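Morning, everyone. Please bring the model up on your screens, and we will walk through it together.

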Amino acid sequence: MRRSSAELASFVSRALLTASDQAIPTRAWTPSLEQTLHQLGCRDSLTPTLVARVIDPFLLHHHSLAFGFFNWASQQPGFSHTSATYQSVLKSLSVSRQFNSIDKLLKQVRLHKIFLHPSIYRTVIGSLVSGRKTHSAFSVFCDAGPIVPEIGPEVCNSLLAVLSSDGSTKSAHKVFDEMIDRGVRLSTLGFGVFVWRAFRQKGLNEIFSLLDDVRKVDFSGIDGSIIALLVVHGLCTESRVKDAIISLEELRKRDCKPDFMAYRIVAESLREMRSVVDMDMILKKKRKFGVAPRASDYRELILQFVSEKLTSEAKELGEVIVSGNFSIDDDVLNVLIGSVSATDPLHAVSFMKSMLEKEKLPTLLTLTNLSENLCKHEKGDELVEVFQLLSAKDYFMDLESYNVMVSSLCKGKMVKEAYQVLHEMKKKGVGPDVSSYNFLLEALCNEDLVRPAKRLWDEMFASGCCGNSESYSIIIRKFCEVGLVEDACRLFHHMFDKGLKPDESIYKSLLQCLCQAKKPETALEVFNKSVEQDLTLAKTLLNPFVICLCQEGFLHPTSKLLRELTCIVVSVESHLTLLRYLDDIGDSSLRDEHIQWVADTSPLLLHAIRTG
C-alpha cells in the first residue's frame, strides 16, 4: 500500500533519527545517513513537499540532520528546492541559532529569488536579534520589503531597539522610516530606545519631528511618559540641560507628559551645575505638571530590556528609579541585579545595597549570580562586603545559603574567609556538609596549599562528615600532581573500604603518577582494579595507561599487560601504541615477539593492527 506524503515524512524522519542515535556523535549528519536514505528507497518519492515535511516538524530541533537532509536532497538527480524546503530548513536553523548556515542559505534565497513567508522572516530576524547578529538581522529586514507589516511589530521593534543600542544609528533610522512608511506600529521598547540612544545628540526640532511622525501613524502602543523620561535622560547625559528644560514643555504638548522621574533628572542635573534658581523652577513645575510614575509600566519595560539583552538600558533606567527612591518591585530589582552583574558587577552591588536599605533581601539565585560575576571580574573585596552586609541582616540561616557563600569565596580564591565561614557554620549548628568541605578542599588544592588541605581532610572526618567520591577525587589528583604517591594510593584503597568507586580522572591521575614514580607493579595493580570495577572504564583507561608505561620505558610489562588482557579488553589502539614506541627505540626483538604472539592468538586482531 502506497504511503501518503505525511506518512512517508514520518517514516523517513524516524529512520534518520534512529540511525543517527547509533552514530557518533549522535543526532549529527554523517555519510552513513545517506546510505540509510538509499536503503529506504525514498529517492523515487523525493519531492519538495516531502523534504519540507520531514524537516518541519520532525527535524526542527535537530539542525544538523535537517541541514544534512536538505543538502542531500540537493544532490539527487532532478531535484530542485522550493520555497517550502528553504522555509523548513531556515526555521530549523533559526531555532538552534546556526547563523553561518542561515547566512549561506539566505545568499541562495537572494540569488534564486526564492519567496519566503513573512513568518519565516519573523523567525530568522528574531533569532539573529537574540544572537546579537544585528547587521545580519537588518539585512534580512531589508530583504522583506513590502511584506514588513506582515512580519509583525514585535520583531521590528526589537530590531529597532538593538540597532539603536548598538550604535547603528543609520540602520536604525532606516528601520524606523520603513516602519513609519508601511504603517507598522511602534512600541515603547522600539521607539523609546531609538529616540533615547540615536537622537540624544540631534537637535530638538528633529526629536519633536520624529514624535510628530509617530503620532500621525499610531501612538497607541507607546507610553508617552516613559518616552519623555528617555528623551530628557538622553539630553542630560549629553549635558544638554537647557534643551532638556525646553523639551519638558514640548513633550507635554505632544501627549508625552513628563512624570516625577523626568523632572527629577533635570533637577539633579541643575543641582550638579549649582543652578539653584533653575532647579527650584523645575521642582515647581514638577509639582504643578508632573504625573506620578506608573511602577507597572517601568516594570514591564525593564523586564523587556533584560529579555532583549539590553543590559545598559536596563541598568540606566534602574538607576534613575533607585536613585530617586521611586517604587520598584522586588522581583524586578532581583532581575536587575542578576543581569547587570554580568557586565557591571559593582553597579549590581549598588542595586543590592538599595534593596537592603529598604529592608528587602535578594533571592538566593540573585546572590549566586552576583557572587559568580564578582568572582569572574576579580572583585574579591566587594564580594566580602556583600556577604558582610547580608550577614548583618541575618541572611545566612541555613545550609543552602551558607554553601553559596563558601562556594563563592572559594571561587574568589579567598580560602581564609571561606574557612572562617566553615567555623561559623559549626558554631551555629548549620552543617557544614560534604559540599561545604569539597568547595574549600578544591580551593586549597588549586592554590597548592597541600598541608592545609590535609588538615581539612582530617578535620572533615573528625567532625563526622565522610567524604564522597568528589572529595577523594580532589585530593587524590592533587597528591598525584605533587608526587605524594603513597598518600594517593592509601586514599585510593580507602575509597573501596568506604564502598566508593574511583572515577576515570582518579585512575588516570594515579596511573600516570605511579608510572612517573617508577612503580609499574603498583600501577598494574591499580589498573586491574578498574578491570574488576567496570570493563568499559578499563577500556577507556587502557591506551592512556599504555602511553604512560611506554613513556617511562616499561615496554616489557606493557606487552605482558596487553597479552593478559586480550580475552577481556581488546584495544587495537593500545597494541599500535606499543608497537610505535618499539619502532621508535629500535627494539625489533620485542616488536617481533609481540606481533608473533598476536598472530598465534588472534588473526583478527593481527589484521586490525596491520590495517590500523
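Residues are numbered from 1 along each chain as its sequence is written, and side-chain values use heavy atoms, with hydrogens and water left out.

Confidence comes as pLDDT, the predictor's score for each residue, from 0 to 100. The protein has a mean pLDDT of 92. Helices here are DSSP runs (H or I, at least four residues), numbered from the N terminus. Confidence is highest in H10, at 97. It is lowest in helix H36, residues 603–611, at a mean of 79. Where pLDDT is low, the predicted coordinates should not be read in detail.

Now the pockets. A pocket is an open set of points on a 1 Å grid over the protein atoms alone, where a 1.4 Å probe fits, with protein on both sides within 12 Å along at least five of seven lines. Lining residues have an atom within 4 Å of a point. Grid points are joined across faces, edges and corners, and a volume is the space filled by probe spheres set on them.

The largest pocket holds about 320 Å³ of space. Which helices give two or more residues to its lining? They are H14 (224–237), H16 (260–272) and H19 (311–323). H16 gives the most, with 5 residues. The lining has 15 residues, and His233, Ile265, Ser269, Glu272 and Val320 lie nearest the centre. By class, we get 5 nonpolar, 5 polar and 5 charged. Nonpolar here covers Ala, Val, Leu, Ile, Met, Phe, Trp, Tyr, Cys and Pro; charged covers Asp, Glu, Lys and Arg; the others, Gly among them, are polar.

The second largest pocket has about 220 Å³. Helices H10 (153–165) and H18 (295–307) each supply at least two lining residues. H10 gives the most, with 4. Among the lining residues are Pro153, Asn157, Arg185 and Gln304. The classes are 3 nonpolar, 6 polar and 3 charged.

Next, single residues. Buried means under 20% relative accessible area, exposed means over 50%, and partly exposed is in between (1.4 Å probe, protein chains only). Contact means heavy atoms within 4.5 Å.

Take Ser13, in helix H1, residues 5–21. Is Ser13 buried or exposed? It is buried, at 1%. Beyond its neighbours within four places in sequence, Ser13 is in contact with Val54, Phe58 and Leu59.

His575 sits in helix H34, residues 572–585. His575 is buried too, at 3%. Setting aside neighbours within four places, its contacts include Leu562, His594 and Ile609.

Now the backbone. The peptide bond from Asp56 to Pro57 is cis, with omega near 25 degrees. Pro57 is in helix H3, residues 48–58. Gly431 and Pro432 are also joined by a cis bond, with omega about 0 degrees. Pro432 lies in the loop between H25 (415–428) and H26 (434–446).

Last, Glu378 has a positive phi of about 55 degrees, although it is not a glycine. Glu378 is in the loop between H22 (364–376) and H23 (380–392). Glu378 is exposed, at 72%. Asp394 also has a positive phi of about 55 degrees and is not a glycine. Asp394 is exposed, at 53%.

Terms used: This is a predicted model: local features need pLDDT of at least 70, side-chain atom pairs count only at pLDDT 80 or more; totals for chains, interfaces and linings use all residues.
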